[in-house]
Amino acid sequence: MSKSGQPIAVVDVNADGCCAPMAQSRIPPEAAGSLAQAFKALGDPIRLQLMSMIASAPGGEICVCDLTPAFEISGPTISHHLRVLKESGLVTAERRASWVYYRPQPALMRRLSALLDIDD
């Protein structure tokens, strides 16, 4: 949920025509909101670092217990940032016993990358 209490719509990353590089064509209005939400989530330095750690984790996933010690901020603040990444569709989370494991969502990451591609 967003701060307004409304669910955040995640763009269908498999949808045809979503999205050509913005240097080639206009972003469809129905995709712009969801893609902007993902970019906004990455606009915070802590979340960008967390996303980098999650995306580069050996085995394709990382435990929150390995993320938290990398920062000099509280556990609840880390949880907030991870929740924002999850709500934006950039990561998924799976609880195992008392720990939560995070995985990147490569399809959305590819979609964001393709949107910014200027070489096509």
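Modeller: Quick ground rule first: two strands count as paired if DSSP finds at least two bridges between them. Also, keep in mind that this model is predicted.

Biologist: Fine. In what order do the three strands of the open sheet sit?

Modeller: The edge strands, each pairing on one side only, are β1 (62-63) and β2 (91-96). Strand β3 (residues 99-104) runs antiparallel to β1, and two bridges join them. The pairing in this sheet is antiparallel, and the order reads β1-β3-β2.

Biologist: Which residue in β3 stands opposite I62?

Modeller: We're looking at β3, residues 99-104, joined to β1 by two bridges. The residue in β3 facing I62 is Y102.

Biologist: And which helix lies across β1, β2 and β3?

Modeller: This one covers residues 45-55 and runs at about 85° to β3. That's helix α2.

Biologist: How are α1 and α5 oriented to each other?

Modeller: The axes of α1 (residues 29-42) and α5 (residues 106-116) come within 11 Å and cross at roughly 95°. Angles of 65 to 115 degrees count as roughly perpendicular. So α1 and α5 are roughly perpendicular.

Biologist: Which residues in α5 do L35, A38, F39 and L42 of α1 meet?

Modeller: By class, this contact has eight nonpolar, no polar and one charged residues. On the α5 side, the partners are L108, R111, L112, L115 and L116.

Conventions:
Residues are numbered from 1 along each chain as its sequence is written. This is a predicted model: local features need pLDDT of at least 70, side-chain atom pairs count only at pLDDT 80 or more; totals for chains, interfaces and linings use all residues. Side-chain values use heavy atoms; hydrogens and water are left out. Helices (H or I, at least four residues) and strands (E, at least two) are DSSP runs, numbered from the N terminus. Contact means heavy atoms within 4.5 Å. Axes are lines fitted to C-alpha atoms, for helices over the stretch in contact, and angles run from 0 to 180 degrees between N-to-C directions. Angles under 35 degrees count as roughly parallel, over 145 as roughly antiparallel, 65 to 115 as roughly perpendicular and the rest as oblique. Ala, Val, Leu, Ile, Met, Phe, Trp, Tyr, Cys and Pro count as nonpolar, Asp, Glu, Lys and Arg as charged, and the others, Gly among them, as polar.
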